[in-house]
Amino acid sequence: SLRAALGPKYPGAPAALRLTRADRLVAAGQYTAARAEYRALSTGLKGLAREQAAVRIGACDYHLKADLRAWRGLQALVVKEPDAAAERLYYLAACARRLKKAREFTDLVTRLGRDHPAVRWHEEALFSAGNYYFLENEPIEYQKYYRTLVERFPQSPRAVQAHWKLAWRAYLDKSDQARRLFEDHLRLYPDSPQATAAVYWLARLAQGRSDLVAARALYQRLVSAYPHYYHALLAG
């Protein structure tokens with residue numbers, strides 16, 4: 001309404017602010033409205049903002065479950081800015097996973113790590129690849145991706161989940177690394193949702209090697225500090 005009233009005197013919003021508005025629509029789950037906004041921005045902006053808007057059209061298609069349209073659009077898109085290129089590769093990988101293009105999916109994750117190793121899109125792609133192989137029950141593969149995620153992004157929220165899955169896999173495999181991984185999980189991620197589980201399974205490992213004093217101390221710690229938690233009930 002202000003644009004119509006002011007005509008040529010209307011001060012256009014800065015590109016970054018317009019892009020942020022579209023991003024807020026995405027955050028609110030309004031993907032159709034966001035897509036329309038990104039489409040308008042992709043022709044009216046320049047540089048990185050224009051390329052990000054173009055990539056996010058494909059991202060909206062992905063969120064709208066229009067996977068094939070997103071895949072084709074992102075494949076045809078040419079971007080030069082590194083930030084936009086990394087985001088494009090991530091959503092191409094996400095589409096490939098949905099479309100069951102397993103080889104393309106893992107190739108894109110590898111390419112993202114090679115070309116943009118330190119960006120959050122690589123972190124998300126590693127977690128996605130780990131989860132993909134976790135659901136496929138392929139431990140060798142999912143451990144590879146989770147381990148890379150923990151090593152490259154140790155402080156990220158994704159790393160907490162990835163590290164726990166590595167620790168639990170080591171326990172299931174009866175690996176000598178299980179004890180160290182449980183201890184590392186508590187040291188690195190003391191607020192982890194799996195902290196009580198790590199203490200409990202450390203106690204089970206201690207009991208298994210006949211270190212009953214250590215096992216009892218760990219069980220007692222759970223019972224006294226976390227009385228209403230599931231693993232405290234097991235410890236009791």
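1. In this predicted model, the largest pocket has a volume of about 260 Å³. Its lining comprises 14 residues, of which Val-26, His-63, Tyr-91, Arg-120 and Trp-121 are the closest to the pocket centre.

2. Four helices, H2 (15-27), H4 (47-63), H6 (82-98) and H8 (120-135), each contribute at least two residues to the lining of the largest pocket. H4 provides the largest share, five residues. By class, this lining consists of eight nonpolar, five charged and one polar residue.

3. Helices H9 (139-152), H10 (157-172) and H11 (178-188) each supply at least two residues of the lining, with the largest share, four residues, coming from H9. The lining of the second largest pocket divides into four nonpolar, four polar and five charged residues.

4. Two arginines sit over aromatic rings. Arg-120 lies over the face of Trp-121, at 3.9 Å from the ring centre; both residues are among those closest to the centre of the largest pocket. Arg-98 is placed over the face of Tyr-62, at 3.9 Å from the centre of that ring.

5. The structure contains 19 aromatic pairs. In one of them, the ring centres of Tyr-200 and Trp-201 are 5.0 Å apart and the planes meet at 85°, so the pair is edge-to-face. Tyr-200 and Trp-201 are both buried. Ring pairs also join these two residues with Trp-164, Trp-168, Tyr-171, Phe-182 and Tyr-219 in a cluster.

Technical notes. Residues are numbered from 1 along each chain as its sequence is written. This is a predicted model: local features need pLDDT of at least 70, side-chain atom pairs count only at pLDDT 80 or more; totals for chains, interfaces and linings use all residues. Side-chain values use heavy atoms; hydrogens and water are left out. Rings of Phe, Tyr and Trp (its six-membered ring) pair if their centres lie within 6.5 Å; planes under 30 degrees apart count as stacked, over 60 as edge-to-face and the rest as tilted. Buried means under 20% relative accessible area, exposed over 50%, partly exposed in between (1.4 Å probe, protein chains only). A charge sits over a ring if NZ of Lys or CZ of Arg is within 6 Å of the ring centre and within 35 degrees of the ring normal. On a 1 Å grid over the protein atoms alone, a cavity is a set of points where a 1.4 Å probe fits but cannot get out, and a pocket is an open set with protein on both sides within 12 Å along at least five of seven lines; lining residues have an atom within 4 Å of a point. Grid points are joined across faces, edges and corners, and a volume is the space filled by probe spheres set on the points. Ala, Val, Leu, Ile, Met, Phe, Trp, Tyr, Cys and Pro count as nonpolar, Asp, Glu, Lys and Arg as charged, and the others, Gly among them, as polar.
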